[in-house]
Amino acid sequence: MTLATLSQYARHKDGTYVSMDLTGDCRALLDHFVEMNLGLEERVDPSTYHITVIYSRTPVPSAETHAGITTKTTARVSGYEVFPTKNDGKCLVMRLEFPFAEMLNKQLTAEGATSDYPEYKPHMTIAYNITQEVDPHSLPVPQFELLFGKVKVEPLDPQFTPENKK
């Protein structure tokens, strides 16, 4: 290993996290949609709207080569699902049709990324640790595309837990 590779590996010692944030204008549009149409008592702060491409407990320092890619990629919401949280709670997510994220996830998996789940399901969390009953099949789906910004690569923070908007 070269010195740069050793340094990157050390930086990613707890694993690697790759994500893409929703762009500002699109974030505001989606937040308005969520507020007006979903009837949620609690939801995440819209400034945190993002898609996780990988959450790998195995270091993938080669992911750094993808950092900053700004392909202006779009996704469509295909529906909703309720996922379990780390703390035995529930979160509401928007399931996304997002070919770029799926392609990058496959590529990073081939480079050694691992997952706690058997399959990659592109999604964006809308509400974390929800307490109200929500039927994900009855919720309206936005009819506009979601625009994501640059690819972000960070060392994994195994202690991170999202919070709902206050």
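This is a predicted model: local features need pLDDT of at least 70, side-chain atom pairs count only at pLDDT 80 or more; totals for chains, interfaces and linings use all residues.
Local features need pLDDT of at least 70, side-chain atom pairs count only at pLDDT 80 or more, and totals for chains, interfaces and linings use all residues. Residues are numbered from 1 along each chain as its sequence is written, and side-chain values use heavy atoms, with hydrogens and water left out.

The protein has 3 helices and 6 strands (DSSP runs numbered from the N terminus: helices H or I of at least four residues, strands E of at least two). From the N terminus the elements follow the order α-β-α-β-β-β-α-β-β. Of its 166 residues, 41% are buried (under 20% relative accessible area, 1.4 Å probe, protein chains only).

The 6 strands form an open sheet in the order S2-S1-S6-S3-S4-S5, with antiparallel pairing (two strands pair if DSSP finds at least two bridges between them). S2 and S5 (123–127) are the edge strands, each pairing on one side only. Between S3 and S6 (residues 146–155) there are 2 bridges; Thr74 stands opposite Leu147 in S6.

Two helices lie across strands of the sheet, at the angles below (0 to 180 degrees between N-to-C directions of axes fitted to C-alpha atoms, for helices over the stretch in contact).

| Helix | Lies across | Angle |
|---|---|---|
| H2 (residues 24–37) | S1, S3, S4, S5 and S6 | about 80° to S1 |
| H3 (residues 99–110) | S1, S2, S4 and S6 | about 10° to S2 |

Leaving aside neighbours within four places in sequence, His66 is in contact (heavy atoms within 4.5 Å) with Leu104, Gln107, Leu108, Glu111 and Val151.

Notes:
Buried means under 20% relative accessible area, exposed over 50%, partly exposed in between (1.4 Å probe, protein chains only).
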